[in-house]
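Hi,

My notes follow below it.

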Amino acid sequence: MFLGLVLQASFIVIVAMLGLAWQGWTVAGATLYGGGVALLNTAMLVWRWHRGLRDYHCDGERHLKSFHRSFLERFFVVAILLATGLGVLSLAALPLLTGFIVGQLAWMAASLGPRERT
């Protein structure tokens, strides 16, 4: 999972550098911000997974509650950060969302690769 984070961050930086070469610092900054939101989302998922390795339980109801809480935490963090980037920071919408989407797709692509053993 940690290799996936590195690959995700690498793809985000590459896309931001392409944005820098194509449109300038404004696009690169918005792309990095969107990619950073995707990276934080993934980091929260990996953190929950890592905690689950230590706090192992076989209770289905407790597992479902933990899954639901993790989903809500990540959803609201992403929504708040994207709204902050678009509203408060007034970043360009297309590069911000492009960075976010590239980050999410990079995570999906990285998760298709070889699995790490725990």
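Does I80 count as buried, partly exposed or exposed? I80 counts as exposed, because its relative accessibility is 54% (buried is under 20% relative accessible area, exposed over 50%, partly exposed in between; 1.4 Å probe, protein chains only).

This is a predicted model: local features need pLDDT of at least 70, side-chain atom pairs count only at pLDDT 80 or more, and totals for chains, interfaces and linings use all residues. Residues are numbered from 1 along each chain as its sequence is written, and side-chain values use heavy atoms, without hydrogens and water.

Overall picture. The protein has 4 helices and 0 strands (DSSP runs numbered from the N terminus: helices are H or I, at least four residues; strands are E, at least two). Its C-alpha trace spans about 50 × 30 × 15 Å along the principal axes. Of its 118 residues, 29% count as buried.

Now the region around I80. I80 sits in helix α3, residues 60–88. Together with F71, L72, F75 and F76, I80 makes a nonpolar surface patch of about 490 Å² (patch residues have over 30% relative accessible area and no salt bridge; nonpolar side chains are joined within 5 Å, like charges within 9 Å; a salt bridge puts a Lys or Arg side-chain nitrogen within 4 Å of an Asp or Glu carboxyl oxygen; areas are Shrake-Rupley, 1.4 Å probe).

Rings next. The structure holds 2 aromatic pairs (ring centres within 6.5 Å; planes under 30 degrees apart are stacked, over 60 edge-to-face, the rest tilted). F75 and F76 pair edge-to-face, at 5.4 Å centre to centre and 75° between the planes. F75 is partly exposed at 47%. F76 is partly exposed at 45%. Ring pairs link F71, F75 and F76 into a cluster.

Best wishes

Terms used. Phe/Tyr/Trp six-rings, centres within 6.5 Å; stacked < 30°, edge-to-face > 60°.
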